[in-house]
Amino acid sequence: MKQLFTITTAIAMIILTMGANAQSKKTAAKGVRWSFGAEAGVPVGKFNTPAQWNLGGSIQADFNVAKRVLFITANTGYNNFFTESGVKGDVQMIPVKAGLKYFPAKNFYLQGEAGVSFLTSKDKNQADKSASFVYAPQVGYLIPLGKRNYLDAGIRFESNSKFYDNGSQANFLGLRVAYAFNSK
């Protein structure tokens, strides 16, 4: 638990620092779009044998790069994969990702992110590794709620490389529904 708190605190500090730096630059004068959301999903491939579904949450910062069409993203969160009875325990991960978000049409976006997932349940699950490479393509839509406020709904495929030497990837299809707002 102490390790989880330390990792989460470090990630939050990095994201907040990035937001503060972006605010001070003229290119990001229009602010950062922040989103806080809930996530749910279903494991696919060989990962759906021990895991049945997942639930989690995330925070994301979108930094404007090109006229509200292209953004750099920074994302972190927590995912708990609930396992079937008889398995050692639930699988818990903290993904830390960065990527690009592109709007080909108003409010509709394509997003791709990559980074690292930290397995916080390594000992309980007797995993060989505590971190793995993660990538996540996503499509989504920003639903306007009012001035600079949105409901961000996205569907993604997320793939984590192996946590076990002879294991398989931890892949899942996920849904993220988040409250998003522009800081300026």
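How many bridges join strand E3 to E4, and which way do the two strands run? I started my notebook with that one. I'm working from a predicted model, so everything here is read off a prediction.

**Strands**

I counted 10 bridges between E3 (residues 70-83) and E4, and the two run antiparallel. For one example of a partner, I looked up Leu 70, and found Tyr 102 across from that residue in E4.

Next I checked the other pairing of interest, E4 with E5. These two are antiparallel as well, with 11 bridges. Here I picked Gly 99 and saw Glu 113 of E5 standing opposite. E4 and E5 make a hairpin, with 2 residues between the strands. In that turn I noted Asn 107, whose phi is positive, at about 70 degrees.

**Nonpolar cores**

Which residues make up the largest nonpolar core? My list has 8 residues: Phe 47, Ala 51, Phe 81, Val 91, Met 93, Leu 119, Ala 170 and Phe 172. I then asked which elements give two or more residues to this core, and got strand E4 (91-105) and strand E8 (170-182). There is also a second, separate core of 6 residues, and I jotted down Phe 71, Phe 103, Tyr 109 and Ala 180 as being among them.

Setting aside neighbours within four places in sequence, I found Phe 81 in contact with Pro 43, Phe 47, Ala 51, Trp 53, Asn 54, Asp 90, Val 91, Met 93 and Phe 172.

Then I turned to Leu 119, which sits in strand E5 (residues 108-119). Is Leu 119 buried or exposed? I put Leu 119 down as buried, because its relative accessible area is 5% and the cut-off is under 20%. I also looked at Gln 92: this residue and Leu 119 are 27 residues apart in sequence, yet their C-alpha atoms are 5.9 Å apart in space.

**Rings and charges**

How many aromatic pairs does the structure hold? I got 8. Ring pairs link Phe 36, Tyr 179 and Phe 181 into a cluster, so I marked those three together.

Last, I looked for charged side chains over ring faces. Lys 101 lies over the face of Tyr 109, at 4.3 Å from the ring centre. Tyr 109 was already in my notes as part of the second core. I found Arg 33 over the face of Tyr 150, at 5.4 Å from the ring centre.

Technical notes. Residues numbered from 1 in each chain as written. Predicted model: local features only at pLDDT ≥ 70, side-chain atom pairs only at ≥ 80, totals over all residues. Heavy atoms only, no water. Phe/Tyr/Trp six-rings, centres within 6.5 Å; stacked < 30°, edge-to-face > 60°. Lys NZ or Arg CZ within 6 Å of the ring centre and 35° of its normal. Core = buried A, V, L, I, M, F, W, Y, C linked by side-chain atoms within 4.5 Å. Buried < 20%, exposed > 50% of the residue type's maximum accessible area, 1.4 Å probe, protein only. Helix = DSSP H or I, 4+ residues; strand = E, 2+ residues; numbered from the N terminus. Contact = heavy atoms within 4.5 Å. Pairing = 2+ DSSP bridges.
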